[in-house]
Amino acid sequence: MYLVRPVDMADVAALESLAKVATPWVHTLPKTREAIECAVERSLLSFAAQVDIPSEEMYVFVLESTVDKTIVGSAAISAIAGSNGTYFAFRNNVLQQVSRDLNISHNVHALTLCSELTGHSQLSSFYVRNPLQLGPEGALLSRARLLFAAVAPHRFGDHFFVSLAGITDGNAQSPFWDALGRKFFQMDFMDAERVIEGARNRTLIVELMPHYPVYVPLLPGAAQAAMGQIHPEGEFPFRLLSEEGFEPDEYIDIFDGGPILQAHKYSLRSFSSSMRRRVERLSDQCASLDDQVKQTYLIASARETNFRAAIIDSGILETTDNVLMSTEMMEHLHLVAGDQVVGVRL
């Protein structure tokens, strides 16, 4: 069994091991031990903070095996994407051009540097080791952070987004970057990513990137084809996010042209379809789950501190006020009978 919980300082070594095997610049995990320690410390302070208005908080979660306590994945959610700067992206606009003399009318796509996602809450740092072998626990990790947002909506904005890695070749070169960013940064894709450490809120972006519209038809065909396309390793999180309710829109990443998925919180299943239920201990006196029609749910403790989430098979929660749990499951989630949980169908 696996559960999702907030990260702790004791997890630093495990996160460092995950970062070493993750493909560089495809996953937004902190890369160095120092960066990982800073992220963990920031997360601990964020969970402990009394928040009235979302600001610089970032919440990091880990996916842990209850059998041997190994950490097999991590994910994060930032309260405000541009809290320590301005989050930059390209907006893919459609410009209509009309010549009445020639009786010609057509649309032209143009990329414009914008900061409109600043102020949205951002999902990041999702990584699972061996996702195809893991099963539904990957969905548990991805969605648990949104259940936390549903439990504590005052800690987040009304809109959420996530930027997925774009297409790169076997040499980690990006056709989109080569056609556009390289012209202004005068460096390779990987070098540029190292300089800004994967962030999209550095002042050098607005200092170097073009402020005027970039007409898409003027870009090479390979760069146009890469726009909005996902790196193969991003297909798994893309599927999870799409099932949750995220959709690609007019924004793409300014470096590799990868898609940026967006959603209003009430378009997300973790907000619109989640249910609050009271925990009841499964005992000899209770009806056995074997006698009920069962459904798989993602269940999380309905509290901001000591948050825990796991997958359970339960009776149909939509038709009851209680959720039956074994003593073992309650211990894993740090629950006692009568506690409130929030659940959503997996």
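Where is K265 found? In this predicted model, K265 sits in the loop between β10 (259–264) and α11 (269–272). K265 is buried, at a relative accessible area of 10%, and its side chain meets that of D158 in a salt bridge.

**K265 and its surroundings**

- Not counting residues up to four places away in sequence, K265 touches P153, G157, D158, F160 and F271.
- The salt bridge between K265 and D158 has an N to O distance of 3.1 Å. K265 lies in the loop between β10 and α11, and D158 in the loop between α4 (137–151) and β7 (159–163), so the pair ties together parts that are 107 residues apart in sequence.

**Other salt bridges**

- The count of salt bridges in the model comes to 13.
- R33 and E37 form a salt bridge through their side chains, with 3.4 Å from N to O. Both residues belong to helix α2 (residues 33–48), and because they are four residues apart, about one helical turn separates them.
- R33 is partly exposed, with a relative accessible area of 37%, and E37 is also partly exposed, at 27%.
- In helix α10 (residues 235–244), R239 and E243 are four residues apart, about one turn of the helix. A salt bridge joins these two residues, and their closest N and O atoms are 3.6 Å apart.
- E243 counts as partly exposed at 46% relative accessibility, as does R239 at 41%.
- A network of salt bridges links R5, D11 and E64.

**Strand β13 and its pairing**

- Strand β13 covers residues 309–315, and six of its seven residues are buried, so the rest of the structure largely encloses this strand.
- Strand β12 (residues 294–301) runs antiparallel to β13 and is joined to it by seven bridges. Within β13, A309 has A300 opposite.
- Strand β1 (residues 2–6) also pairs with β13 in the antiparallel sense, over two bridges. Here L3 stands opposite A310 of β13.

- A nonpolar patch on the surface is formed by L95, Y215 and L218, which together have about 290 Å² of accessible area.
- L218 is placed in the loop between β8 (214–215) and α9 (221–226).
- With a relative accessible area of 71%, L218 is exposed, because the class begins over 50%.

**V336**

- V336 is placed in the loop between α12 (327–332) and β15 (340–345), and counts as partly exposed at 48% relative accessibility.
- Leaving aside neighbours within four places in sequence, V336 is in contact with V279 and M330.
- V336 and S121 are 215 residues apart along the chain, and 32 Å separates their C-alpha atoms.

How values were computed
Residues are numbered from 1 along each chain as its sequence is written. This is a predicted model: local features need pLDDT of at least 70, side-chain atom pairs count only at pLDDT 80 or more; totals for chains, interfaces and linings use all residues. Side-chain values use heavy atoms; hydrogens and water are left out. Buried means under 20% relative accessible area, exposed over 50%, partly exposed in between (1.4 Å probe, protein chains only). Two strands pair if DSSP finds at least two bridges between them. Patches are made of residues with over 30% relative accessible area and no salt bridge: like charges are joined within 9 Å, nonpolar side chains (Val, Leu, Ile, Met, Phe, Trp, Tyr) within 5 Å. Accessible areas come from the Shrake-Rupley method with a 1.4 Å probe; for residues, only the protein chains shown count as cover. A salt bridge is a side-chain nitrogen of Lys or Arg within 4 Å of a carboxyl oxygen of Asp or Glu. Contact means heavy atoms within 4.5 Å.
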